[in-house]
Amino acid sequence: MAEWVEACAVDDVDKEDVIRFDHGGRSFAIYRSPDDDFFATDGFCTHEMAHLADGLVMDDIIECPKHNGRFNYKTGEAKGAPVCVNLKTYPVRVEAGKVMIDIG
Ligand code: FES
């Protein structure tokens with residue numbers, strides 16, 4: 001079931017960057033792509049406990065800060081060792097300057 005929550009304001013995320021959003025004991029990463037779209041994934045890397053908001057965004061890739069594992073943050077696809085488990089992604093919509101994500 002859909003459960004839309006407000007993650008942040010559009011202006012809180014720079015282009016080609018990522019921020020952390022915590023809600024209800026869960027942690028998410030909110031991305032703004034170079035071409036100005038918003039995306040959301042689980043916050044923690046699927047390899048070990050590292051938060052992806054501390055990582056580096058390059059085009060449509062997020063690079064984990066801990067062992068440099070890479071994911072496509074638009075699809076969640078793991079892009080090679082040491083990450084082999086895909087990242088969960090969440091639907092995003094922008095409404096009146098707010099970034100909403102469906103965590104349901
Ligand atoms: S914790 Fe992310 S690559 Fe190891």
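Modeller: Strand β10, residues 98-102, is largely enclosed by the rest of the structure, because four of its five residues are buried (under 20% relative accessible area, with exposed over 50% and partly exposed in between; 1.4 Å probe, protein chains only). The model is predicted: local features need pLDDT of at least 70 and side-chain atom pairs count only at pLDDT 80 or more, while totals for chains, interfaces and linings use all residues. Residues are numbered from 1 along each chain as its sequence is written, and side-chain values use heavy atoms, with hydrogens and water left out.

Strands here are DSSP runs (E, at least two residues; helices are H or I, at least four), numbered from the N terminus. Two of them pair if DSSP finds at least two bridges between them. β10 is joined by five bridges to β1 (residues 4-9), and the two run antiparallel. Within that pairing, Ile101 of β10 lies opposite Val5. β10 also pairs with β9 (residues 92-95), again in the antiparallel sense, over four bridges. There, Lys98 in β10 is the bridge partner of Glu95. β9 and β10 make a hairpin with two residues between them, and Ala96 in its turn has a positive phi of about 50°.

Seven bridges link β2 to β3 (residues 26-32) in antiparallel fashion, and Arg26 in β3 is the bridge partner of His23.
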